[in-house]
Amino acid sequence: MFFVALYLFLSVSNCYAQAATSLDLLNNAKEYDGKTVHYNGEVIGDLMIRGDYAWLHVNDGSMAIGIWAPKVMVQNISYIGNYHQKGDTVEVSGIFHRSCLEHGGDLDIHASEIKIVTSGNALIQPISKKKFYIGACSLMLVLLFYALKKLFQSK
Amino acid sequence: MILKPQLSDIKNIGYYLGRITLDIGLTMFLPFIAGLVLFKEPNPALDFLISANIAIFIGLALSWACKTDKDLHAGPAMVVIALSWLAAMALSAIPLLLSGHYKSFLDACFETMSGFTTTGLTLVQDLDHLSRSHNLWRHLGPFLGGQGIAIIAISFLVKGTGGTFNLYLGEGRDEKLVPNVINTARFIWVISIVYLILGTIVLGLVGISIGLKPQSAFFHGACIFMAGFDTAGFSPQSPNILYYHSLIYEIVIIFFMVVGSFNFNLHYQVWRGNYKEIWKNIETRTLLFVIMIVTLITLAGLQRSGVYSGGMIMFRKGFFQLISGQTTTGYMTIYAQQFIKEWGDLALTGIILSMALGGCACSTAGGIKMLRVGVIFKAFRQDIKRTMLSPNAVVVQKFHHIKTMFIEDAQVRAVLIVTLGYFFLYALGTLVGIWLGYPFLEALFESTSAAANVGLSCGITDTSMPAILKITYIIEMWAGRLELMSVFALFGFFVAYLKGK
């Protein structure tokens, strides 16, 4: 019983139950270093597959943090945030490193679990009529002005 | 007696300003076409069409209204340059503002001034969702500004008169590679475009090897090259170079940052097969010496702070940030907050020193520049020799920069004036920062980064910083890039107009 209780105590003390923000992690990097953290945010950029692992970046609205995860763990991610789409929102659990020995001193999280909280979606952006008309009218104006300039210069 | 500028001078300035504004407008068709054809981003493409039309209209109107055949003298040429950079900043900010990723026009202006001056400090919001067209424009800014806005005009739009050389001088360049200034400008473009193609291919291939998809890898490659070779430090993703988590990628970037910080005249010598010039040149020697000193300081600081446990890791992180600072690029493989929270004062001092001294003259790098540092060092040595030898002894000091030259007092005076000007700029931003409540070292770091056109940040540069600080940094970036003289000429011109007779 004693050992079970000790194990539970150590597990809990080694883990920040509440999700940490990127600013929390950066501002208290020393305290979080080597501890298990929960971190939520949108997957952005590219999935970079490296052998059996992958790099992905999760942005919580303030900044993006690199997540190192086994390839199988990222296979369910369908949307990665960019101009054309909103990425999946994920909850990452893993060990935070302020200076990762495995990755040349990078600040990162080695994921032990990635849960998709909300699926992303394509961002449909219809052509703005206002921009189209302003663009077309201004182009005509410039061409007209150029023609007038040439006409006056030739006289 | 101060002479009031005549109407013909103002017309002359207006004409050349118009031509340069026109070329800024024309360059906006690059992201317009790329957005429409390559990236399938019609709305961002329209942002560039609208902005290009505005710039072209203003350019045509100015050059028409102020049409003149009069040659451009040195003073008005400097005024043209100073105004052109302000015009470039304002007009290029329009598409960025239309993207909706900037909180205000001031923020967009900050971004474009930072880009054109190859600084790299950024105020973009939600960069990870910014369109590729706008991202391309952010990175084209350093590529155009790094070579020089006037260089574009000299190469393609302005007739070859004595005025073109004055425009060339106004952008802080005083070395002609070949006797004709138009051919010099064109050669600078040839070097830059050859490197752009090579750099994009190399970084694209490395990008694919580290897991980026081919289209993404080459887009990143082109952007990272433009902002790396032109020592700007912008990147298409918010974590900057930390995004790639790759030692090879970092090594390739270090190579391009260093090459980009070399004097274009040195590139020309190497181009002609004169490889010995690399080792003989005062700038490369000084650069090597300075890098050794600041590396020692920075690594000693990092060792003391204990943030990195392994020696190799400490060297990798320290050296990358240091070369980024020394070449005035501003690429980062750490987060801005880590500078202040984890690096410690000594390491930070090493980086500030490297940023303040900067890269080579007649390159895309900023800061005081290695040629000046080398000349000051030699002059100092000459003075020490003078005090030690007999008063009648003639002490000469030589240095090698393309050819062997003797140090002259007038030259040392000119070098010291510009160096003092840079110290004044660094101090100006630091004082404003302290006045606004930022700690001394952070204020000094950010101010030096802005004035030396570096772009490393310890976290002050943010959309929430006071407008007065944004304006101060804009002025520092502008004056720093133009090596102060054109900015002084502009103020002198206004004073002469108001008080002259």
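**View 1. Lys40(B) lies in the loop that joins helix 2 (29-38) and helix 3 (42-65) of chain B.** Helices here are DSSP runs of H or I with at least four residues, strands are runs of E with at least two, and both are numbered from the N terminus. This is a predicted model, in which local features need pLDDT of at least 70 and side-chain atom pairs count only at pLDDT 80 or more, while totals for chains, interfaces and linings use all residues. Residues are numbered from 1 along each chain as its sequence is written, and chains are lettered from A and ligands numbered from 1 in the order in which they are written. Although Lys40(B) is not a glycine, its phi is positive, at about 55°. Lys40(B) has 11 other C-beta atoms within 10 Å and is therefore exposed (12 or fewer such atoms, placed from the backbone, count as exposed, 20 or more as buried, and numbers in between as partly exposed).

**View 2. Ile402(B) is found in the loop between strand 1 (398-401) and strand 2 (403-406) of chain B.** Its phi is near 70°, a positive value in a residue other than glycine. Ile402(B) is partly exposed, because 18 other C-beta atoms lie within 10 Å.

**View 3. Helix 5 (residues 105-116) of chain B packs against helix 6 (residues 132-147) of chain B.** The angle is about 45° and the axes are 7 Å apart, where axes are lines fitted to C-alpha atoms over the stretch in contact and angles run from 0 to 180 degrees between N-to-C directions. Helix 5 of chain B is therefore oblique to helix 6 of chain B (angles under 35 degrees count as roughly parallel, over 145 as roughly antiparallel, 65 to 115 as roughly perpendicular and the rest as oblique).
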